[in-house]
Amino acid sequence: MYRFIAFVVRNLMFSLCRYDWKGGEGENFPATGGFIAAANHVTELDALTLAHYLFDNGREPRILAKRGLFTSPLTGWALRGTKMIPVDRDSARATESLQEAANQLGDGACVAILPEGTLTRDPDYWPMEGKTGVARIALATRLPVLPIAQWGVIEIMPRYGFPRWPWPRRTVTIRTGPPVDLSDLYDQPHDTATLREATSRIMDGITAELEQIRGEKAPRPRFDLRKHPDYEAKMTDYPPVVRP
C-alpha cells in the first residue's frame, strides 16, 4: 500500500516541481534509527513535498495530520494506508497522537512534523512560533530532530489559495540542517519553560536553513500568533476562508 501510494504521489509531485535537495541521505540524515523531521509550513502542499523528499532519501515518513483528513474517503484511505498519524488539534486527545508518534519512532520510523501546527501567518512567510508537541516527542524519545526548510511551494499553491497553472514547473528547494542540540534538556523537568526552550531551538534551526535558501535574514522576534489573535482577518494574500 505504502509503495503504491508513494508511486502516485512521486509522479504527481515530479509533474509539478523541479527539486533542489540538500542535506539528505549521506549528509545530515542519521545512518540508522528513527528521527524527527521538523519543517516549516507555508501552504497545504508542504506535507506532500516533505514526504516526497524524505521518501526519495530512503525514509518512509509518518506525518502527523489533522484527524478531519482521515474521514475523507480518498485522503483517509491514503493516510491510513501509509500509517500516518491523526491529530486531534486543540483537544486533550492530542497527547494520544504524540504517544503514537513516539511509538513509531521507537520502531525506527521517521516522523515528520510541521511544528507551527498551521500555516505560518508571518507576512513574509517566515516560520512563526511553534507549538510544543515536537519538543514533547523529542525530549521523550531523545532521538535526533532534523530541521528542514522548504521554499518555492507557494509558487504552486498560495497560502490558503488554489493551485496555480502548473507549467512551467516551479523549483522547490528543500534543505536539511544538522540535528538540533537538545541534550542539555533531556534530564530537565519537562515543564513549560523546558518545552518552550526546546521548541524555540527547533524553530531556530528551521529558520536558519530557510535563511540559507532565501539569502536573507528572518525578522526577530518570530511572529507569534498567540499575541495576534485577530491577525488572520488582516491577511490580504488569500481570499477569506469561511469556517464553521
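**Figure 1. The largest nonpolar core.** Within the largest nonpolar core, which has 27 residues, Cys17, Phe35, Ala37, Leu50, Leu54, Ile148 and Val172 touch the most other members. A nonpolar core is a set of buried Ala, Val, Leu, Ile, Met, Phe, Trp, Tyr and Cys residues joined through side-chain atoms within 4.5 Å; buried means under 20% relative accessible area, exposed over 50%, and partly exposed in between (1.4 Å probe, protein chains only). At least two residues of this core come from each of helix H1 (2-16), strand E1 (17-22), strand E2 (35-39), helix H3 (46-56), strand E3 (61-66), E5, E6 and strand E7 (170-176). The most is given by H3, with four residues. A second, separate core has 23 residues, including Leu105, Ile113, Leu182 and Leu185. The model is predicted: local features need pLDDT of at least 70 and side-chain atom pairs count only at pLDDT 80 or more, whereas totals for chains, interfaces and linings use all residues. Residues are numbered from 1 along each chain as its sequence is written, and side-chain values use heavy atoms, with hydrogens and water left out.

**Figure 2. Surroundings of Ile148.** Not counting residues up to four places away in sequence, Ile148 touches Ala37, Ala38, Ala39, Asn40, Leu50, Tyr53, Leu54, Ile174, Arg175, Thr176 and Ile206 (contact: heavy atoms within 4.5 Å). Ile148 is also among the core members that touch the most others. Across the protein, 75% of contacts between residues at least 6 apart in sequence join residues at least 24 apart.

**Figure 3. Asn40 in the loop between E2 and H3.** Asn40 lies in the loop that links E2 and H3 and is buried, with a relative accessible area of 2%. Its side chain reaches the backbone nitrogen of Gln150 at 2.8 Å. This is a polar contact, defined as a pair of N or O atoms within 3.5 Å; within protein, one must be able to donate a hydrogen and the other to accept it, and residues adjacent in sequence count only if both atoms are side-chain atoms. Beyond its neighbours within four places in sequence, Asn40 is in contact with Asp46, Leu114, Glu116, Pro127, Ile148, Ala149, Gln150, Ile206 and Leu210.

**Figure 4. The cavity.** The structure holds one cavity of 30 Å³ or more, and the largest cavity has a volume of about 40 Å³. On a 1 Å grid over the protein atoms alone, a cavity is a set of points where a 1.4 Å probe fits but cannot get out, and lining residues have an atom within 4 Å of a point. Grid points are joined across faces, edges and corners, and the volume is the space filled by probe spheres set on the points. Val42, Asp46, Gln150, Trp151, Gly152, Val153 and Ile154 form the lining, which divides into four nonpolar, two polar and one charged.

Figure 5. Tyr125, in the loop between strand E5 (110-113) and helix H6 (133-141), has a positive phi near 70° although it is not glycine. Arg142, in the loop between H6 and strand E6 (145-151), likewise has a positive phi, near 60°; Arg142 is partly exposed, with a relative accessible area of 42%. A cis peptide bond, with omega of about -5°, joins Arg220 and Pro221, and Pro221 lies in the segment after helix H7 (192-214). Helices (H or I, at least four residues) and strands (E, at least two) are DSSP runs, numbered from the N terminus.

Conventions
1 Å grid on protein atoms, 1.4 Å probe; cavity = no way out; pocket = protein on both sides within 12 Å on 5 of 7 lines; lining within 4 Å. Nonpolar A, V, L, I, M, F, W, Y, C, P; charged D, E, K, R; others polar.
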